[in-house]
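Trainee: I am new to this structure and would like to go through it with you. Could we start with how the helices pack?

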Amino acid sequence: MSSIQCPACKESQEINVSNCTNCRFPFTGSTQEKSKHIAQFINKKNVINDAEEALSRSKKILFLISGYNFLFILVSILSSTIEVDVFSISINLILGLGFVICGLLLKKSPMFCSVFPLGMILGLYTVNFILDPDLAMRGIIYKLIIVGSLIYSIYLLQKAKTFNKQFSS
Ligand SMILES: [Zn+2]
């Protein structure tokens with residue numbers, strides 16, 4: 001069987017197909033349709049690459065924050081000679097585990113595992129701010145970077161999602 005390479009996705013296709021079975025490139029379409037498809041295909045690849053990069057960045061952030069939670073637990077256990085603050089330790093344990101689990105499941109359900117930790121972080125910062133505004137302002141740039149990059153990830157994921165829908169129809 002003779003085959004032809006798809007100009008868009010580079011997959012090998014049978015010579016008589018009208019659309020690429022992988023990316024739906026219109027072999028029988030007009031030049032305009034063909035170039036439109038290739039432009040869309042490249043665009044899609046970039047959007048998806050961006051979303052994938054955002055995911056691995058989010059994963060690092062989630063592990064970093066959970067590391068901070070566990071470090072807090074360790075330090076408070078080691079430094080409290082008289083009384084261990086069970087409440088703070090429990091909160092940090094729950095948050096730390098939540099971040100780790102979301103980080104691990106990020107590839108499986110990207111949207112939920114990005115939105116949920118963002119909600120936890122925003123909730124935590126809000127509570128911190130109400131309880132102790134001065135303490136909450138400490139490391140504010142670090143906090144803004146975390147929140148900002150999680151929001152940006154969610155934006156890129158959403159973009160990839162709508163692009164996928166548009167492209168496959
Ligand atoms: Zn193709």
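Mentor: Helix H2 and helix H3 (residues 110-131) pack with their axes 9 Å apart, at an angle of about 160°. Axes are lines fitted to C-alpha atoms, for helices over the stretch in contact, and angles run from 0 to 180 degrees between N-to-C directions. Because angles over 145 degrees count as roughly antiparallel, H2 is roughly antiparallel to H3.

Trainee: Where do the model and its numbering come from?

Mentor: This is a predicted model, in which local features need pLDDT of at least 70, side-chain atom pairs count only at pLDDT 80 or more, and totals for chains, interfaces and linings use all residues. Residues are numbered from 1 along each chain as its sequence is written. Helices (H or I, at least four residues) and strands (E, at least two) are DSSP runs, numbered from the N terminus.

Trainee: Which residues of H2 and H3 make the contact?

Mentor: H2 contributes Leu95, Gly98, Phe99, Cys102 and Leu105, and H3 contributes Cys113, Phe116, Pro117, Met120 and Leu124. Two residues are in contact if their C-beta atoms, placed from the backbone, lie within 7 Å.

Trainee: How do the axes of H1 and H2 cross?

Mentor: The axes of H1 (residues 31-79) and H2 (residues 86-105) come within 8 Å and cross at roughly 155°. That makes H1 roughly antiparallel to H2. Among the residues that meet are Phe63 and Phe70 in H1, and Leu93 and Val100 in H2.

Trainee: Which residues form the largest nonpolar core?

Mentor: That core has 10 residues: Ile61, Leu62, Ile65, Leu95, Phe99, Cys102, Leu106, Cys113, Ile146 and Leu150. A nonpolar core is a set of buried Ala, Val, Leu, Ile, Met, Phe, Trp, Tyr and Cys residues joined through C-beta atoms within 7 Å. H1, H2 and helix H5 (140-168) each supply at least two residues of this core.

Trainee: What is Leu150 in contact with?

Mentor: Leaving aside neighbours within four places in sequence, Leu150 is in contact with Ser58, Ile61, Ser114, Pro117 and Leu118.

Trainee: Changing topic, is Thr21 buried or exposed?

Mentor: Thr21 counts as exposed because it has 12 C-beta neighbours inside 10 Å. A residue is buried if 20 or more other C-beta atoms lie within 10 Å of its own, exposed if 12 or fewer, and partly exposed in between, with C-beta atoms placed from the backbone.

Trainee: Where does Thr21 lie?

Mentor: Thr21 is in the loop between strand E2 (12-14) and H1. The C-alpha atoms of Thr21 and Cys9 are separated by 10 Å, and the two residues are 12 residues apart along the chain.

Definitions and conventions. Angles under 35 degrees count as roughly parallel, over 145 as roughly antiparallel, 65 to 115 as roughly perpendicular and the rest as oblique.
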